[in-house]
Amino acid sequence: MNNRIYFINAFSKEKFKGNPAAIVFMSEKRSEEWLKSLAAELNQPITTFITPKGGNSYQLRWFTPTNEIDLCGHGTLGAAHILWSEGFSSSESAINFYTQTGLLRSELLGQQIILKFDIKESTKTEVTETLKRVIQLPIKDAAWAEDRYILELENQHLVHKAVPNLEAIKELDGPGIIITSIGSDKYDFVSRVFAPKIGINEDYVTGSAHCALASYWGYRLNKKEFMAYQDSKRGGEIKLKIMGEKVELIGDCITLLKGELYN
């Protein structure tokens with residue numbers, strides 16, 4: 001597995017949909033600058049670095065093209081997918097990922113992957129003039145979800161057509177914002193995520209954001225299980241299940257490319 005590199009599409013069964021990521025296996029310790037430089041060179045929404053710790057345990061780090069981040073759902077999904085699909089880890093056992101935010105656990109359910117993350121509790125907040133500047137559309141409701149704002153719009157058509165003010169988003173606390181609305185047909189809710197402060201103007205499918213959306217829509221819909229859709233230009237589906245203080249994110253992943261990283 002040493003020096004191997006993979007490109008995947010997470011939260012999708014189709015190529016060129018969902019959220020892309022590079023998955024890089026580390027054979028030796030590298031400097032912070034080297035990790036940042038490689039992530040910038042690969043220029044994917046996320047580059048996930050995997051370091052084996054023995055057995056079915058691994059260390060994970062995630063980098064956007066400009067920043068290291070504390071949590072990434074689709075980068076974790078991609079890592080688990082490669083470990084299982086390439087035969088590096090037994091599909092009969094869960095995978096433990098050690099990260100800066102603590103231990104993450106991943107399990108295989110048929111062809112789908114289950115990620116178990118901490119839920120992000122959301123608290124209703126005032127729709128301030130500052131938040132109104134972020135998006136020039138009526139905001140139905142707003143919440144603060146531990147590290148980011150959630151802005152609810154009236155319907156999914158407004159979510160789809162929204163063009164947020166990226167410079168105004170940079171002035172807010174947290175890495176970015178989530179806009180959302182109740183869904184229709186098979187989706188309980190839809191969303192989009194914008195994080196220009198960390199080098200991602202719009203993210204395609206965001207696992208960490210759904211840790212907050214599960215809490216937000218759980219209160220409003222009085223449900224613990226959801227089918228969600230992130231309405232980016234690539235789009236992606238996530239099944240969610242609230243389990244106490246945890247939320248399960250369930251999704252698909254496919255491999256596009258694999259190769260060797262030269263020293």
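Modeller: In this predicted model, Ala, Val, Leu, Ile, Met, Phe, Trp, Tyr, Cys and Pro count as nonpolar, Asp, Glu, Lys and Arg as charged, and the others, Gly among them, as polar.

Biologist: How do the residues of the lining of the second largest pocket divide by class?

Modeller: About 270 Å³ of space lies in this second largest pocket, and among its 17 lining residues Phe-11, Ser-12, Lys-13, Gly-236 and Glu-237 lie nearest the centre. By class, the lining of the second largest pocket divides into five nonpolar, five polar and seven charged residues.

Biologist: Which element gives the most to the lining of the second largest pocket?

Modeller: Two or more lining residues of the second largest pocket come from each of β15 (225-230), β16 (236-243) and β17 (246-251). With four residues, the element that gives the most is β16.

Biologist: What volume does the largest pocket have, and which residues are the closest to its centre?

Modeller: The volume of the largest pocket is about 610 Å³. Its lining is made by 33 residues, and the closest to the centre are Asp-70, Leu-71, Asp-147, Arg-148 and Ser-208.

Biologist: How much space lies in the largest cavity?

Modeller: The structure holds one cavity of 30 Å³ or more. Residues that line the largest cavity include Asn-3, Trp-34 and Leu-261, and by class its lining has five nonpolar, two polar and two charged residues. The space in the largest cavity is about 40 Å³.

Biologist: Is Phe-16 buried or exposed?

Modeller: Phe-16 is found in the loop between β1 (4-10) and β2 (19-25), and together with Leu-256 and Leu-257 it makes a nonpolar surface patch of about 310 Å². Because its relative accessibility is 60%, Phe-16 counts as exposed.

Note on methods:
Residues are numbered from 1 along each chain as its sequence is written. This is a predicted model: local features need pLDDT of at least 70, side-chain atom pairs count only at pLDDT 80 or more; totals for chains, interfaces and linings use all residues. Side-chain values use heavy atoms; hydrogens and water are left out. Patches are made of residues with over 30% relative accessible area and no salt bridge: like charges are joined within 9 Å, nonpolar side chains (Val, Leu, Ile, Met, Phe, Trp, Tyr) within 5 Å. Accessible areas come from the Shrake-Rupley method with a 1.4 Å probe; for residues, only the protein chains shown count as cover. A salt bridge is a side-chain nitrogen of Lys or Arg within 4 Å of a carboxyl oxygen of Asp or Glu. Buried means under 20% relative accessible area, exposed over 50%, partly exposed in between (1.4 Å probe, protein chains only). On a 1 Å grid over the protein atoms alone, a cavity is a set of points where a 1.4 Å probe fits but cannot get out, and a pocket is an open set with protein on both sides within 12 Å along at least five of seven lines; lining residues have an atom within 4 Å of a point. Grid points are joined across faces, edges and corners, and a volume is the space filled by probe spheres set on the points.
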